[in-house]
Amino acid sequence: MSNSRRILVVDEDSGARQDTAQVLTGEGYDVVTVSSGEDALWELDKEPYDAVFTALAMRGRSGLDVAEEIHLGTPGLPVVVITGQGRGDDHTHTDEPEEGH
């Protein structure tokens, strides 16, 4: 039996799921992956985990739905909601001086 922490990774995008798992495994975590919110909740019912990484946008239950259900059933279990979908106007850093300064 391993002494490392167990993390559940939830993402319907297989590439993103495997990339996240690879990074976490490289950091020494035991990682289990599932492809849906429904599968994540089923997995959490059968095995204990130390944290959950879930994609925000998924068919069926979204990452926020999963996080809410985890909070209700297992308060205190850390849930990280991740997204690969950003908006261009989210960037606040610029190398150019503001006009008039």
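Predicted model: local features only at pLDDT ≥ 70, side-chain atom pairs only at ≥ 80, totals over all residues.
Let me start at S62, where a polar atom of the side chain lies 3.3 Å from the backbone nitrogen of L64, a pair that qualifies as a polar contact, meaning N or O atoms within 3.5 Å, where within protein one must be able to donate a hydrogen and the other to accept it, and where residues adjacent in sequence count only if both atoms are side-chain atoms. The atom of S62 in question is a side-chain oxygen, and with it S62 caps the N-terminal end of helix 3. S62 itself sits in the loop between strand 3 (51-55) and helix 3 (63-73), helices (H or I, at least four residues) and strands (E, at least two) being DSSP runs numbered from the N terminus. With a relative accessibility of 18%, S62 counts as buried, the classes being buried under 20% relative accessible area, exposed over 50% and partly exposed in between, with a 1.4 Å probe and protein chains only.

Residues are numbered from 1 along each chain as its sequence is written, and side-chain values use heavy atoms, with hydrogens and water left out.

Now the overall layout. The protein chain has 3 helices and 4 strands, and from the N terminus on these elements run β-α-β-α-β-α-β. The strands form an open sheet in the order 2-1-3-4, with parallel pairing, where two strands pair if DSSP finds at least two bridges between them. Strand 2 (30-34) and strand 4 (79-82) stand at the edges with a single partner strand each, so one side of each has no neighbour in the sheet. From one strand to the next, the twist averages 20°, with axes taken as lines fitted to C-alpha atoms, for helices over the stretch in contact, and angles running from 0 to 180 degrees between N-to-C directions. Strand 1 and strand 2 are joined by 5 bridges, and V9 has T33 as its bridge partner in strand 2.

Turning to the helices, helix 1 (residues 14-26) lies across strand 1, strand 2, strand 3 and strand 4, and runs at about 170° to strand 2. Helix 2 also packs on the sheet, where it touches strand 1, strand 2 and strand 3, and its direction makes about 160° with that of strand 1.

Which residues of helix 2 are buried? They are G37, A40, L41, E43 and L44, and because they cover an arc of only 160° around the axis, they are on the same side of helix 2, the arc being that of the directions from the helix axis to the C-beta atoms. W42 and D45, on the other side of helix 2, are exposed.

L44 and I70 are 26 residues apart in sequence, yet their C-alpha atoms are 8.5 Å apart in space. Leaving aside neighbours within four places in sequence, I70 is in contact (heavy atoms within 4.5 Å) with L41, L44, V52, P75, L77 and V79, and L44, with residues up to four places away again not counted, touches L8, Y49, V52, I70 and L77.
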